[in-house]
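Subject: Structure handover

Hello,

I am passing on the structure we talked about. Please open it first, then read the notes below.

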Amino acid sequence: MGWIGETVDSIKSIQIRQVLTQAVSLGMIVTSALIIWKALMCITGSESPVVVVLSGSMEPGFKRGDILFLHMSNDPIRAGEIVVFNVDGREIPIVHRVIKVHERQDTGEVDILTKGDNNYGDDRLLYAHGQLWLQRHHIMGRAVGFLPYVGWVTIIMTEKPIIKYILIGALGLLVITSKD
């Protein structure tokens, strides 16, 4: 009969109770992950408590594939800190070092200039058109820790989506064909 025939027979033999149990288990895993993510957002004060370094612009300090842990507090941002920021018109946040901080005496607002450690010039070319400085609302968080290389899983699945689909398909088959 072959592997495909055996798989079809296995799928037919699954009882509705097993399917419901597996669906509830999968739902609990997904819900748990979302709860953990939201809790991390509350604890760290950052909309994205974990990010993956996607380029080599921060080498040798952080390499492509490193995972950074972020925290955002009300403390003033200082030159030398590594921050993750969003720029208007760009979807992907950027990880770079603060090189200049300018506080306006009249309003108390802070202007921030960043640069990648491995880049020649500052980030003004990366900012939105006509923007010369970042403001506090652009900053998602400050790097407080990292795990080297762990983010490569995310990079590979983003750059080679076929691997992601193969992995999801294999996990789906594993769930469908597993028996209690």
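How many positive and negative side chains does the protein have, and how far apart do the centres of the two sets lie? There are 17 positive and 18 negative side chains, with the two centres 3 Å apart. Lys and Arg count as positive and Asp and Glu as negative, while His and the chain ends are not counted. The place of each charge is taken as NZ of Lys, CZ of Arg, CG of Asp or CD of Glu.

Before the rest, some notes on the source. This is a predicted model, in which local features need pLDDT of at least 70 and side-chain atom pairs count only at pLDDT 80 or more, while totals for chains, interfaces and linings use all residues. Residues are numbered from 1 along each chain as its sequence is written, and side-chain values use heavy atoms, with hydrogens and water left out.

Overall form

The protein has a radius of gyration of 22 Å, whereas a compact globule of 180 residues would have one near 16 Å. That radius is taken over C-alpha atoms, and the globule rule is 2.2 Å times the number of residues to the power 0.38. Along the principal axes, the C-alpha trace spans about 75 × 30 × 30 Å.

Of the 180 residues, 28% count as buried. Buried means under 20% relative accessible area, exposed means over 50%, and partly exposed lies in between (1.4 Å probe, protein chains only). The accessible surface comes to about 12000 Å², and carbon and sulfur atoms hold 64% of that. These areas come from the Shrake-Rupley method with a 1.4 Å probe; for residues, only the protein chains shown count as cover.

Among contacts with a separation of 6 or more, 55% are between residues 24 or more positions apart. A contact means heavy atoms within 4.5 Å.

Strands and their pairing

The secondary structure comes to four helices and six strands. Read from the N terminus, the order is α-α-β-β-β-β-β-β-α-α. Helices (H or I, at least four residues) and strands (E, at least two) are DSSP runs, numbered from the N terminus. Two strands pair if DSSP finds at least two bridges between them.

Start with S1 and S2, which pair in the antiparallel sense over three bridges. Here Val51 has Leu68 in S2 as its bridge partner. S2 is also joined to S6 (residues 139-147), antiparallel, by five bridges. On that side, Ile67 is partnered by Leu147 in S6, and Phe69 by Gly145.

S6 pairs with S3 as well, again in the antiparallel sense, over three bridges. Val83 has Arg142 in S6 as its bridge partner.

S4 in turn pairs with S5 (residues 110-115), antiparallel, over six bridges. Arg97 stands opposite Lys115 in S5. The hairpin of S4 and S5 has six residues between the strands, and Gly108 in it takes a positive phi near 80 degrees.

The loop between S1 and S2

Is Leu54 in this loop buried or partly exposed? Leu54 counts as partly exposed because its relative accessibility is 41%. Leaving aside neighbours within four places in sequence, Leu54 is in contact with Arg64, Ile92 and Ile155. Its C-alpha atom is 22 Å from that of Ile112, a residue 58 places away along the chain.

Pro60 sits in the loop between S1 and S2 too. Pro60 counts as exposed because its relative accessibility is 67%. Pro60 and Asp117 are 57 residues apart in sequence, but their C-alpha atoms are 7.8 Å apart in space. A cis peptide bond joins Glu59 and Pro60, with omega about 5 degrees.

One more backbone angle

Tyr149 lies in the loop between S6 and helix H3 (152-159). Tyr149 is not a glycine, yet has a positive phi of about 70 degrees. Most residues other than glycine have a negative phi, and most peptide bonds are trans.

Regards
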